[in-house]
Every structure is written in structure tokens, then in C-alpha cells.
Amino acid sequence: MFAERVLSGMRPTGNLHLGHYHGVLKNWVRLQSEYPCFFFVADWHALTTHYETPDVIEQSVWHMVIDWLAAGVDPNQATLFIQSKVPEHAELFLLLSMGTPLGWLERVPTYKDQIEKLKEKDLQTYGFLGYPLLQAADILIYRAQHVPVGEDQVPHVEMTREVARRFNYLYGREPGFEEKALEAVKKLGSKRAKMYAELRVAFQERGDEEALEQAKALLQEAQSLSMADRERLFGFLEGSRKIILPEPQALLTSASRMPGLDGQKMSKSYGNTISIRQQPEEVIKSIRTMPTDPARVRRTDAGDPARCPVWQLHAVYSNAETKQWVEKGCKSAGIGCLECKQPVIDAILLEQQPMLERAQKYLDDPSLLRSIIADGCDKARKVAQETMREVREAMGLAYD
Ligand code: TRP
Ligand code: SF4
């Protein structure tokens, strides 16, 4: 159950663009072959900021899933689902809310930040304050180890760790814990049991973090343990509580600053994007009309790539040889701007072609898409229900 698992979500609030592709989706595609991955549409999170315009979300959900598939996210490898179709997230969110101090939520940097930035929206709401706790529930309900996120989301994962720690502290108590843990050690088999005991001592007496990691790995591999015993042994390493909700780690997505059509970072709010599935004619037009170094008024005026947004796209898409050709040609007025833009156009169209092809399959037959998500939701629900059974029991809610 503590199998290494990756979880991440994305809010459906509009078209995905090449910034999402380079920044997030390429990373997901890489991860899906390395770990069991759960990727979901965070429609409830979208509602925290778009509660007045839910139609935006409704229109974005399926489009976004097609974008994921277009980018190469593979439903045979990763589990894809929609948050609101797994209502267990809401139950865990509610239960976690009982013991979560308000201060933890108010102090998350994105909270005040977003209220400031999105001035046109009233975000003085209960739902928006709860945003990071809902995210914690998303993560903890799958007992995910790794959470690929951008830098802005790291504080949310940090808070998730605190929420998990507090949960285990409050509800991982058990009468006779120590005896039960010692019994469970025996079940590891003599060789593993000895190693576990040694590593535990190394961590508890000498603070050896490496030993702690090794012990966790050892438990990870031990197939013979029941779920409850495994929780005890994870907890026994560090203290006297069961670890019901393990602490996740942020897997920082290296910041890729994908430039937009105006040289600023590509972002919907700047209106400088190229969509993942933008039609080729539109891509060609967008790049052709991109601003260039203002010094190049006439074809014969020399320019400087450092002052040109097109150059930033060359930095993403062109090889050393092409970049040299641009530098030289621009500074000597040896090439025209349209000529200079052509390799960028070619590269983007080349990148998009397989994406357009993959998407077509789902556009032609939307039932394929629905069944991928239905399967993913079933799989996710199974895991989530298992966690909730234990959570309810730990919180004294298992009356039946
Ligand atoms: N808050 C995330 C974002 O805006 C989306 C999200 C919701 C998420 N739940 C999550 C990301 C759980 C990772 C894990 O990008
Ligand atoms: Fe920009 Fe290229 Fe024109 Fe130079 S030649 S200004 S780099 S588009």
C-alpha cells in the first residue's frame, strides 16, 4: 500500500498551451514510465476561483484530458480521473478540516497572493481558504510519495506533510502499540527483522537519516505484512504512532520558462499563447506577426537578437547551428525577420503534429475518452475507499 506512487492534478480553467506542455506534461510523460501515476482533473479546485463561471470549467474538462493524451500521457500506464467523480476526496477534506488550524491555511503564501492578484474575483470565501487542505486530501487519499508540482505549489505540499503528521499523531495511537509493533517485526522474517531493528536504532539513537530511508525501503519491499502491521512498523521507526497517512514529497518540476509570442512568459493572462492543439495555419500566422527587434524597421536595418522575442523561441527550439545563423544574419541584416522565423514555425509544427494526430482519435470517438476516464475513476476510487476505511476507523467512525 505504500507502493511508490505519483499524484498530480491540474485545474480545468481554459486551454492548455505549449507552456503547459514544456513545463508540466512532458514531465508527466516521463514519470508515467517510472512510477504508477495518478493524474486528475482538479475541477473542485477550479471552482474555488471560478464559482461564478462554472461553464468555463465544464467546457475545459474534456478538452484538457484530450490535451494530456495528445501530449503523450498514456492511459495504459497512468490512471486518469476527475476529482469530483471520486467524492471520497471531499470526505477526507472534511475530516482533515476538523483538526487543521486556521493559521496554517492563512499563512500559505498563495492565499494572500491570489486574493491580491485576482482582484476581480471575491476570494474571501470558505472554499478558497480551504484550497490547500483540499489539495492535501487529494494527495493523502492516495498515500502518494511524489507530487510533481511547480515552485508555487511547494508550500501546499509542505502543508500536506504537516497535516499528515498531525493526523498520524492524533489518530495513530493504539493501545499496546509497542507490543504490536514488536510482534510485527517478527513477521518480517529473521533476517529482515534484524536489519529493521538495527536501522531503527541507528536512526533513533544517532539520528542517521540514511538508516531511516533504508528501513523504509525495507518495509516497502516486505510483501508479507498486513496493512496495519506495515503502518505500525513505519510509525515505530520514528515514534509510537501508526503512520496511516504517509508524508509526501514535492517533486519539483524544473522551471521551464516557455516564452510566449511577446517575449514574456507564456501565460493565458498575457494573451501570448500557442495552444497545444492550435491549428497549423494559426501557428504560422501567430509567429509571422510576432514583434521583432524594433530597430529592424527596414529589411536592411541590422538588429540584435537579445532585443527580440523570436530569439527566445530559437533558444527553445533551435540547434546551435541555426542559432548561429540567426545571430549572424540578424546583426548583419543578412536575413529578414520572416526568414528568421521559419525554423521556429517548422519546429513548432513538427512538435504539434503527433499531438494533433493523437487527439484526432478522441475527437472522432468521444466514447473512447469517456471510457478512459471511467476506468481511471474506478481505479482511483478503489484506492481512495481503502484509505477512507482506515481513516474512519482511526477517527472512531467505524460504527458498523
Ligand atoms: N493546486 C494545483 C495547481 O494549481 C492543482 C492541484 C490540485 C494539485 N490538487 C493537487 C496538484 C494535488 C498536485 C497534487 O497546480
Ligand atoms: Fe528577431 Fe530574427 Fe528579426 Fe533578428 S532577424 S530581429 S532575431 S526575428
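A crossing of two helices is left-handed if the near helix is turned anticlockwise from the far one by less than a right angle. In this predicted model, helix 15 passes helix 17 in such a left-handed crossing.

**Domains**

- The protein is divided into three parts: domain 1 (6–172 + 246–257 + 366–394), domain 2 (177–238) and domain 3 (278–363).
- Taken over C-alpha atoms, the centres of domain 1 and domain 2 are separated by 31 Å.

**Helix 15 and helix 17**

- The axes of helix 15 and helix 17 come within 10 Å and cross at roughly 45 degrees.
- Helix 15 and helix 17 are therefore oblique to each other.
- On the side of helix 15, the residues that meet helix 17 are Val310, Leu313, His314 and Tyr317.
- Their partners in helix 17 are Cys340, Lys341, Pro343, Val344, Ala347, Ile348 and Glu351.
- By class, this contact of helix 15 with helix 17 has eight nonpolar residues, one polar residue and two charged residues.

**Helix 15 and helix 16**

- Helix 15 (residues 309–317) and helix 16 have axes that come within 9 Å and cross at roughly 165 degrees.
- Because angles over 145 degrees count as roughly antiparallel, helix 15 is roughly antiparallel to helix 16.
- The crossing in which helix 15 passes helix 16 is left-handed.
- Helix 15 contributes Trp311, His314 and Ala315 to the contact, while helix 16 contributes Thr322, Lys323, Val326 and Glu327.
- The contact of helix 15 with helix 16 divides into three nonpolar, two polar and two charged residues.

**Helix 11 and helix 12**

- The axes of helix 11 (residues 190–206) and helix 12 (residues 209–221) come within 8 Å, crossing at roughly 150 degrees.
- Helix 11 and helix 12 are therefore roughly antiparallel to each other.
- Helix 11 passes helix 12 in a left-handed crossing.
- From helix 11, the contact is made by Arg192, Met195, Tyr196, Leu199, Ala202 and Phe203.
- From helix 12, the contact is made by Glu209, Ala211, Leu212, Gln214, Ala215, Leu218, Leu219 and Glu221.
- In the contact of helix 11 with helix 12, ten residues are nonpolar, one is polar and three are charged.

**Surroundings of ligand 2**

- The residues around ligand 2 are Thr292, Asp293, Arg296, Cys308, Val310, Val326, Cys330, Cys337 and Cys340.
- Helix 16 (320–331) and helix 17 (337–364) are the elements that give two or more residues to this shell.
- The shell around ligand 2 has six nonpolar residues, one polar residue and two charged residues.
- Val310 is one of the residues around ligand 2, and Val310 also belongs to the part of helix 15 that meets helix 17.
- Cys340 likewise is among the residues around ligand 2 and among those of helix 17 that meet helix 15.
- Val326 is another residue around ligand 2, and Val326 takes part in the contact of helix 16 with helix 15.

Definitions and conventions: Residues numbered from 1 in each chain as written. Chains lettered and ligands numbered in written order. Predicted model: local features only at pLDDT ≥ 70, side-chain atom pairs only at ≥ 80, totals over all residues. Heavy atoms only, no water. Near = heavy atom within 4 Å. Helix = DSSP H or I, 4+ residues; strand = E, 2+ residues; numbered from the N terminus. Nonpolar A, V, L, I, M, F, W, Y, C, P; charged D, E, K, R; others polar. Domains from an automatic or database assignment. Axes fitted to C-alpha atoms, helices over the stretch in contact; angles between N-to-C directions. Parallel < 35°, antiparallel > 145°, perpendicular 65-115°, else oblique. Contact = heavy atoms within 4.5 Å.
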